[in-house]
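Me: I have a chain to look over before setting anything up. Can you put it on screen and take my questions one by one?

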Amino acid sequence: TIDGHTGVTIQSTNSGDITLDSVADIVLDADGADIILKDDGTEFGRFKRDNSDFIIKSATQDKDILFKGNDGGSTITALTLDMSAAGAATFNGAITMGSSDFRRKMEIQNVTTTASISTANFSTYIKKGIVYINVGTLGTNTTWTTRTAAELVGDFSASLNDSYEFFIHSNFSGMNSLTLSGGTDVSVIPNASFSGGMQSVKRFLMVFTNVTGGSETVNIYAT
């Protein structure tokens, strides 16, 4: 036991490491609720207990948190949390979720026929976040038309400037195409033609620009 009334410093003055090796557990108990990580005196991260929540913090401005692992002998980044973009998460692989449903839950919809991409089911698929299109079964130059702006406002119970991000994912190696077309008062910006190609993905953002009854407008941005 080391008892220090003004703090205790364990310091290596040469190039060697400091190793803590216990036959049982190693317990870090900080009554101040912070475990601070530093590099040459500069804090870069900390573990904190705040109101019984466990907080992991990157302390350097705009620097990310990365989760890495070993995949078949190679180091991979499984997840990146981008602190310069409000914590936007980028997953390196697939995302698996439980069976319970909630608004904007990302699910894969396997759409394989022209009938499956009718105007009527547009909102159902987009609420799920990811639409999986097997372009090869749709034929050449298939068009998927959205519902009208008024219908979309009702479908999504939308407020002004609400937005939904969704993706169309092609699993076909040919060159068939799918075009996303706007219904009444829905603008698709810019061109939304989606050509086939194995594992091709196109990202869209749908924004409710006017939700007033009789004047509804929606913009869909293709990126």
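What follows is a chat about this predicted model.

Me: What are the ground rules for the numbers?

Reply: Residues are numbered from 1 along each chain as its sequence is written, side-chain values use heavy atoms, and hydrogens and water are left out. This is a predicted model, so local features need pLDDT of at least 70, side-chain atom pairs count only at pLDDT 80 or more, and totals for chains, interfaces and linings use all residues.

Me: What is the mean pLDDT of the chain?

Reply: The mean is 79, and 70% of the residues reach 70 or more. pLDDT is the predictor's confidence in each residue, from 0 to 100.

Me: Where is the pLDDT below 50?

Reply: Over residues 99-108. Beyond near neighbours in sequence, that stretch has 23 contacts in the model, a contact being heavy atoms within 4.5 Å.

Me: And contacts for the whole chain, how much comes from residues 24 or more positions apart?

Reply: Such pairs account for 51% of the contacts with a separation of 6 or more.

Me: How many helices and strands?

Reply: Two helices and 15 strands. Both are DSSP runs numbered from the N terminus, with helices being H or I of at least four residues and strands E of at least two.

Me: What share of the residues is buried?

Reply: Of the 223 residues, 26% count as buried. Buried means under 20% relative accessible area, exposed over 50%, and partly exposed in between, with a 1.4 Å probe and protein chains only.

Me: Which residues form the nonpolar patch on the surface?

Reply: V8, I10, I18, L20, I26 and L28, with about 640 Å² of accessible area together. Patches take residues with over 30% relative accessible area and no salt bridge; like charges are joined within 9 Å, and nonpolar side chains (Val, Leu, Ile, Met, Phe, Trp, Tyr) within 5 Å. V8 lies in the segment before β1 (34-39) and is partly exposed at 47%.

Me: Switching to helix α2. Which of its residues are buried?

Reply: In α2 (residues 149-156) they are A149, L152, V153 and F156. They cover an arc of only 100° around the axis, which puts them on the same side of α2. The arc is that of the directions from the helix axis to the C-beta atoms.

Me: Why do residues three or four places apart point the same way?

Reply: An α-helix has 3.6 residues a turn, so residues at that spacing point the same way.

Me: What follows α2?

Reply: S157, with a positive phi near 45°, in a residue other than glycine. S157 is in the loop between α2 and β10 (163-170) and is exposed, at 60% relative accessible area.

Me: What about A33, what is its phi?

Reply: About 75°, positive although A33 is not a glycine. A33 is found in the segment before β1 and counts as partly exposed at 24%.

Me: Which residues does the cis peptide bond join?

Reply: I189 and P190, with omega about -15°. P190 is in the loop between β12 (186-189) and β13 (193-195).

Me: Now charges. How many salt bridges are there?

Reply: A search of the whole structure finds five. A salt bridge is a side-chain nitrogen of Lys or Arg within 4 Å of a carboxyl oxygen of Asp or Glu.

Me: Which residues are linked in a network?

Reply: D34, E43, R46 and K48. Within that group, R46 and E43 have their closest N and O atoms 2.6 Å apart. R46 counts as buried at 18%, whereas E43 is partly exposed at 23%.

Me: Where are E165 and R203, which pair up?

Reply: Their side chains meet in a salt bridge, 2.3 Å from N to O. The pair links distant parts of the chain, with E165 in strand β10 and R203 in strand β14 (residues 200-210), 38 residues apart. E165 is partly exposed at 31%, and R203 is partly exposed at 31%.

Methods: Areas by Shrake-Rupley, 256 points an atom, 1.4 Å probe, with all protein chains shown as cover.
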